[in-house]
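User: I'm new to this one. Walk me through it, please.

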Amino acid sequence: MIARYANIDLNLLIALDALLEEESVTGAADRIGLSGPAMSRALGRIRRTVGDPILVRAGRHMVPTPHALEIKAEVRRLVEAAQVVLTPSAPVDPARLARSFAINASDLFVTVVGPALLARVARQAPGVVLRFLGEGHADLPLLRDGAADLGLGVGDGPQSEIRTEPLFTDRAVAVVRDGHPLTAGPLTVRRYADAPHLNFSRRGRLTGPIDAALAEHGLRRRVIATVPTLAAALMMVRDSDAVGMGPERAGASMVRELGLRTLPVPLDLPPLRMVMAWHPRQDADPGHVWLRGVVRATVAAVVA
């Protein structure tokens, strides 16, 4: 099929449309920005390709042949269709958008940003449905495979074929109940390591960057439990002497509402880089461009 069309110059279709509209080589040349000789050469090629003169001299004017009149409307339709295909997509009208977006988000984003995002979307685009997907146990290529339209969470570095946009940078802080022993006096590395710890990890991990940092001081901590979500971790911290961990900026509202306290971790920990991620095939999709803008604005409003 490709070989069949390999020798057809589709630029001739535009030239043919101009010639049929103007019925003049000079007029057609002016219409599409070619020189007179270039349009004359194009007419010659069209005649050889179509097997018809297309335009013939009649006194001082040129007139279309019967075949030219027969194909004129179809040529116009094809040129207009090509213009639609090759013209950049117009910005979407959110009020008329009827679409479902799947968002693969950490529980932090769903809990902290989700309510405000849902309210903003409802105001702008009542026909849009948001499907928040729970983070799976394994790192599935949801964005690449099209199972998710957008990813929101901690950026773990560049990913093949995936676009990422930084949303904000946070830092990890210790989270404890009000009146916890660690709130009395300076929090040293030793006191921090000796306290019982509670991890939140969707993979069920018992160790992480904290343990690597403590090892540099020759210390180890005791993890008494691990839970898959930050919300569950904070609830357990509220009712025990366990020390939890959370993002300072993004988790501030949850910590405040649960009556918890945050303490600076006395370790050199890497920053938490929160990102928005998507597959390149959706770079220019008008609906997806709108969604990214809404997420960006919502995060800026919610995360102080």
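Analyst: Start with T298, which is buried at 1% relative accessibility. Buried means under 20% relative accessible area, exposed over 50%, and partly exposed in between, with a 1.4 Å probe and protein chains only. The model is predicted, so local features need pLDDT of at least 70, side-chain atom pairs count only at pLDDT 80 or more, and totals for chains, interfaces and linings use all residues. Residues are numbered from 1 along each chain as its sequence is written, and side-chain values use heavy atoms, leaving out hydrogens and water.

User: Where is T298 found?

Analyst: T298 is in helix α13. Helices are DSSP runs of H or I with at least four residues, strands are E runs of at least two, and both are numbered from the N terminus.

User: What is T298 in contact with, leaving aside neighbours within four places in sequence?

Analyst: V113, A116, L117 and R120. Contact means heavy atoms within 4.5 Å.

User: And how far is T298 from V176?

Analyst: Their C-alpha atoms are separated by 28 Å. Along the chain, T298 and V176 are 122 residues apart.

User: Back to α13. At what angle does it pack with α7?

Analyst: About 130°, with the two axes 9 Å apart. Helix α7 covers residues 114-124, and helix α13 covers 286-302. Axes are lines fitted to C-alpha atoms over the stretch in contact, and angles run from 0 to 180 degrees between N-to-C directions. That angle makes α7 oblique to α13. Under 35 degrees counts as roughly parallel, over 145 as roughly antiparallel, 65 to 115 as roughly perpendicular and the rest as oblique.

User: Which residues meet there, α7 against α13?

Analyst: On the α7 side, A116, L117, R120, V121 and Q124. On the α13 side, W290, V294, V295, A297, T298, A301 and V302. By class, the contact of α7 with α13 has 9 nonpolar, 2 polar and 1 charged residues. Asp, Glu, Lys and Arg count as charged, Ala, Val, Leu, Ile, Met, Phe, Trp, Tyr, Cys and Pro as nonpolar, and the others, Gly among them, as polar.

User: How many residues does the largest nonpolar core have?

Analyst: It has 34. F109, L152 and W290 have the most contacts inside this core. Helix α13 gives the most to it, with 5 residues. A nonpolar core joins buried Ala, Val, Leu, Ile, Met, Phe, Trp, Tyr and Cys through side-chain atoms within 4.5 Å. Apart from that core lies another one, of 20 residues, among them A18, A42, A68 and V79.

User: And what does W290 touch?

Analyst: Not counting residues up to four places away in sequence, W290 touches V92, P94, L97, F101, V121, Q124, A125 and V128.

User: New topic. How do α2 and α5 cross?

Analyst: At roughly 125°, with their axes coming within 9 Å. The two helices are therefore oblique to each other. From α2 come L13, I14, L16, D17, L20 and E21, and from α5 come A68, I71, K72, V75, R76, L78 and V79. The contact divides into 9 nonpolar, no polar and 4 charged residues.

User: At what angle do α3 and α4 cross?

Analyst: Roughly 110°, and the axes come within 9 Å. Helix α3 spans residues 25-32 and helix α4 spans 36-50. That makes α3 roughly perpendicular to α4. V25, A28, A29 and I32 of α3 meet G36, M39, S40 and L43 of α4. There are 6 nonpolar and 2 polar residues in this contact, and no charged ones.

User: What about E23, what is its phi?

Analyst: Positive, about 50°, although E23 is not a glycine. Most residues other than glycine have a negative phi. E23 lies in the loop between α2 and α3, and is partly exposed at 32% relative accessible area. I54 has a positive phi too, near 70°. I54 sits in the loop between α4 and β1, and counts as buried at 0% relative accessibility.

User: Where is D52 placed?

Analyst: In the loop between α4 and β1. D52 counts as buried, at 15% relative accessibility. Leaving aside neighbours within four places in sequence, D52 contacts R47, T65, H67 and A68. D52 and A38 are 14 residues apart in sequence and 19 Å apart in space, C-alpha to C-alpha.

User: Last one. Is G146 buried or partly exposed?

Analyst: Partly exposed, at 40% relative accessibility. G146 is in the loop between α8 and β5. In sequence G146 and W278 are 132 residues apart, but their C-alpha atoms are 9.6 Å apart.
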